[in-house]
Each structure stands twice: as C-alpha cells, then as structure tokens.
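Please read the following report with the sequence and the structure side by side.

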Amino acid sequence: MERPIVIVGASLAGLRAAQAVRKGGHAGPLTILGAERHRPYTRPPLSKELLVGAQEAGDCALPCDDLDAVWRLGVPASALDLAQRELILDDGERIAYDRLLIATGSRARLWPGPQVELEGLHTLRDVDDALALRAALAGRPRLAVVGGGFIGCEVAAGARKLGLDVTVIDVAPQPMPALGHELGERCAELHRAHAVDLRLGTAVERFEGAGRLEAIRLADGSRVEADVAVIALGAVPNTDWLAGSGLGLEPGVVCHATLQARGADEVFCAGDVAAWPHPMADGELVRIEHWTTAAEQGTAAGRNMVAAPADRVPYAAVPYFWSDQYDVKIQAVGLMTRAERTEVLESDGSRFVAAGVRDGRVVAAVGFNAARRLAFYRRRLAGMPPLEELAAEVAADVKALVAA
Ligand code: FAD
C-alpha cells in the first residue's frame with residue numbers, strides 16, 4: 001500500500017498541492033488538515049467583492065470535491081515530530097506521514113500595543129472576519145483603517161463605494177509603502193480623489209472608548225472619530241506550531257529551491273509560509289504573500305513530493321500580485337521590495353508602468369490599469385534586464401501597439 005501524504009493548511013497552496021499529488025499518480029492515503037472549519041476558498045474577494053456585498057461566501061469556494069482525501073477541518077496541528085514523521089494535534093493525537101506539505105499560510109498581524117478590548121476593532125484574514133466586518137459596515141459607521149498597505153487600501157476603497165466616511169492612518173508618508181515613494185504618491189492621490197481622509201506619517205497612540213470604539217488618538221496630537229477600525233498591519237507567517245521542530249523558521253519555513261524544507265527531505269512547503277532562495281534575489285531567501293505564488297508553489301511542491309528526487313524541479317517563477325482599488329487595477333511583477341528606485345517606463349492617461357531598479361537592472365514592474373502589458377514584463381523580468389535595454393524594448397513595443 002502507498003504511504004500516506006499529509007497536507008497541513010486547507011487553503012489555496014494546500015489545495016493546489018493536493019491536486020498535483022493526485023495528478024502525479026499518488027493513489028494512496030491523502031489527508032488534509034485545516035485550522036479553519038471551511039473547505040478551501042479564495043481570499044482576494046474578502047477585501048473586495050465580498051466586503052461590498054457583490055459576492056457571498058459561497059462564491060469564494062475553490063472546487064475540491066474530486067480529491068479522494070480525508071479532510072480534517074477545524075483541527076490545527078500543534079507540533080511536528082520530524083524523527084517519528086508525525087504531526088501532533090492539540091489533544092495529543094499523532095498523525096503519521098510519509099511525506100508532509102506545510103501550507104499554513106499567514107495571519108493578520110495584531111495591534112502591537114497594549115491589547116484593547118473595544119467593540120468595533122477588526123482584522124481581516126478569513127471569511128468569518130470579512131462577514132463580521134461587512135455586518136459592521138452595514139450600520140454605516142465612521143471607519144478608520146489603521147495601515148495603508150494593500151488590504152487597508154482595498155477596505156478603504158470598498159467602504160467609500162458603500163458611501164462611508166473613511167480615514168486611513170499610516171506611519172509611512174504614503175499608502176502602499178512597499179511600492180516605494182513615487183507609486184505610493186499615486187495611491188495617495190487616488191484615495192484623496194475618492195475623499196478618503198489620509199493621515200500619513202503619524203502613528204496611532206491609543207484607541208479611545210468605553211466598551212465601544214469612539215476615537216483614535218494619533219501621535220501628532222490629532223483625534224480621528226471612528227465607530228469601526230480595521231487593523232491592517234500586514235501578515236505574519238503561521239510558523240509558531242513548528243517551534244522546536246528543528247526546521248528553520250526565518251523569514252518563513254526555510255526551503256531549498258525545490259520547496260523541500262531544509263533538513264527534512266520528506267517535508268515540503270508552499271505559499272505564504274514558505275521561504276526559498278529566489279534567483280532574482282541573488283539566492284537570498286524570500287517569502288511572498290501573493291495569491292499566484294501560493295497557487296503555483298502548491299502545484300510545484302505537490303509535483304515534487306511525488307517525483308523521484310532527481311526529477312524535482314526548482315520553483316523560480318517571477319512573482320505576480322494584483323490589487324483592485326476603485327476603478328484601478330494595480331499589478332506588480334518581480335521583487336519590488338528589492339528595488340532601490342523606480343523609473344517610469346509607460347504613461348498614457350490612466351495607464352502607467354514603472355520599473356523597480358536595483359544596480360541598473362530591472363527587478364520589478366508595477367502597473368496601474370496596464371493589465372495587458374504586465375505579461376510582457378513578467379516574461380522579461382526573469383533575466384533582470386538592464387534598465388536601458390528594457391526601456392528601449394518597451395518603447396519599440398508601445399510604438400508597434402500604437403501603429404497596430
Ligand atoms: P492561507 O490562505 O493563509 O491559508 C493557510 C491555511 O492554513 C489557513 O486556512 C489557516 O487557517 C491554516 N492553518 C494555519 N495554521 C494551521 C495549523 N497549525 N494547522 C492547520 N491549519 C493551519 N493576493 C494577491 O495576489 N492579490 C490580492 O488581491 C489579494 N487579496 C487578498 C485579500 C485578503 C483579504 C487576504 C487576506 C489576502 C489576499 N491576498 C491577495 C493574498 C493571498 O490570498 C494569499 O497569498 C494566499 O491566500 C496564501 O495562500 P496559502 O494557502 O499559502 O495560505
């Protein structure tokens with residue numbers, strides 16, 4: 001009988017791995033463990049369509065009925081015993097595996113100050129969070145968003161669509177700070193044009209209220225009145241349960257390029273929780289929180305899990321990410337966090353593409369309403385072309401498009 005494969009994390013990366021494992025010929029036992037009580041669903045609509053009522057929870061479900069898997073949902077793994085090849089659950093139950101995939105993703109970063117027990121404070125990571133926030137927004141509260149990253153900005157855009165008064169607070173001087181100064185300024189203009197009150201370059205000092213949130217006091221002395229606040233301070237990888245397992249956990253589960261965990265040949269990893277040496281990062285470890293990376297890595301890890309060791313393939317795709325805010329689709333390819341500066345390569349009305357440049361080479365590209373152009377950049381970025389070379393190619397390409 002074939003030996004069991006176990007997947008921890010019943011979301012996008014875990015599901016894609018399970019599908020690849022079956023496609024790759026594993027006919028033996030397959031168990032999928034998930035901390036949430038839901039079967040896999042897709043998260044991007046949670047801060048977009050679901051939040052504004054254009055989709056329901058069922059619309060986010062990912063098809064997964066044909067896997068012939070044992071689903072253990074609402075069951076978090078609490079430890080890993082590499083020597084015995086066993087997962088350990090809270091109640092002490094042990095689940096044996098022959099090969100294991102870790103796909104436990106990430107969770108919303110909590111407010112780092114003293115924990116506040118006020119009604120009206122929300123985070124947004126799972127479908128239950130999104131439904132709770134949607135219900136809170138239905139009362140037409142004054143909304144404050146703490147953190148102007150992509151989830152904070154999407155929530156702000158959705159809430160404006162619902163007609164709410166929205167304030168976004170961030171210590172950074174621009175929203176979407178990961179995109180750098182120039183692009184962050186464009187995001188700021190976008191939100192101001194939609195009447196979002198941006199309080200930038202200042203920190204939250206405390207949340208005020210008696211039982212319910214009433215206001216947020218800022219470090220610059222100002223006060224933002226708010227009935228509901230979304231704490232959108234990014235995400236942290238779910239690695240706590242692996243403490244003491246012997247696996248490297250910084251900046252996520254440390255893997256080889258084939259997504260095998262370092263130091264445990266039978267353990268693989270995929271998605272938000274995985275850290276692996278990306279060729280565009282000079283072999284440094286990267287951990288990426290993008291939908292497409294989680295999906296692609298799940299498939300790649302699943303394939304490698306059932307392949308002979310010599311046939312395992314490194315995962316080296318150029319990262320791709322999108323965010324929808326108002327009528328703008330923001331898309332990024334490459335490793336924007338490694339860029340030292342940006343250079344505008346295309347600008348035509350609302351369409352705009354900027355390159356992220358490091359040591360004269362293009363390591364990222366960010367587009368606003370440039371969906372049809374991003375595939376070109378994703379293809380070209382794998383080789384990190386010199387800026388001048390790519391700029392000349394873009395100019396020729398755009399000229400040809402205009403002529404066509
Ligand atoms: P996750 O989706 O985080 O799933 C991990 C699963 O593992 C969870 O169900 C978790 O409960 C479970 N788990 C955790 N610990 C344990 C344990 N100990 N035992 C068992 N199970 C455990 N990306 C984009 O590119 N574009 C977007 O527009 C976009 N929008 C987003 C909007 C929101 C609101 C959020 C939250 C994310 C968004 N993302 C977006 C990011 C994208 O959804 C993630 O990159 C993707 O979900 C990662 O998939 P994953 O399977 O690695 O992890």
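## Salt bridges and the ligand shell

Glutamate 56 is partly exposed, with a relative accessible area of 40%, where buried means under 20% relative accessible area, exposed over 50%, and partly exposed in between (1.4 Å probe, protein chains only). This is a predicted model, in which local features need pLDDT of at least 70 and side-chain atom pairs count only at pLDDT 80 or more, while totals for chains, interfaces and linings use all residues. Residues are numbered from 1 along each chain as its sequence is written, and side-chain values use heavy atoms, with hydrogens and water left out.

Side chains of opposite charge can pair when their charged atoms come close. A salt bridge is defined here as a side-chain nitrogen of Lys or Arg within 4 Å of a carboxyl oxygen of Asp or Glu, and a search of the whole structure finds 35 of them.

| Salt bridge | N to O distance |
|---|---|
| Arginine 134 and glutamate 56 | 2.7 Å |
| Glutamate 393 and arginine 380 | 2.8 Å |
| Arginine 43 and glutamate 36 | 2.9 Å |

Arginine 134 lies in helix 2 (residues 127-138) and glutamate 56 in the loop between strand 2 (30-34) and strand 3 (70-73), so this pair ties together parts that are 78 residues apart in sequence. Helices (H or I, at least four residues) and strands (E, at least two) are DSSP runs, numbered from the N terminus.

Glutamate 36 also counts as partly exposed, at 21% relative accessibility, and glutamate 393 is partly exposed with a relative accessible area of 29%.

The ligand is surrounded by 33 residues, and the closest are Ser11, Glu36, Arg43, Lys48 and Asp272; a residue is counted as near if one of its heavy atoms lies within 4 Å. Arginine 43, the salt-bridge partner of glutamate 36, has a side-chain N or O atom 2.6 Å from an oxygen atom of the ligand. For aspartate 272, the distance from a side-chain N or O atom to a ligand oxygen is 2.8 Å. The protein covers 95% of the 1,000 Å² of accessible area that the ligand has on its own, areas that come from the Shrake-Rupley method with a 1.4 Å probe.

Helix 3 gives the largest share of the shell around the ligand, 3 residues. At least three residues of the shell come from each of domain 1 (5-107 + 240-311) and domain 2 (121-231), with domain bounds taken from an automatic or database domain assignment.

Methods:
A polar contact is a pair of N or O atoms within 3.5 Å; within protein, one must be able to donate a hydrogen and the other to accept it, and residues adjacent in sequence count only if both atoms are side-chain atoms.
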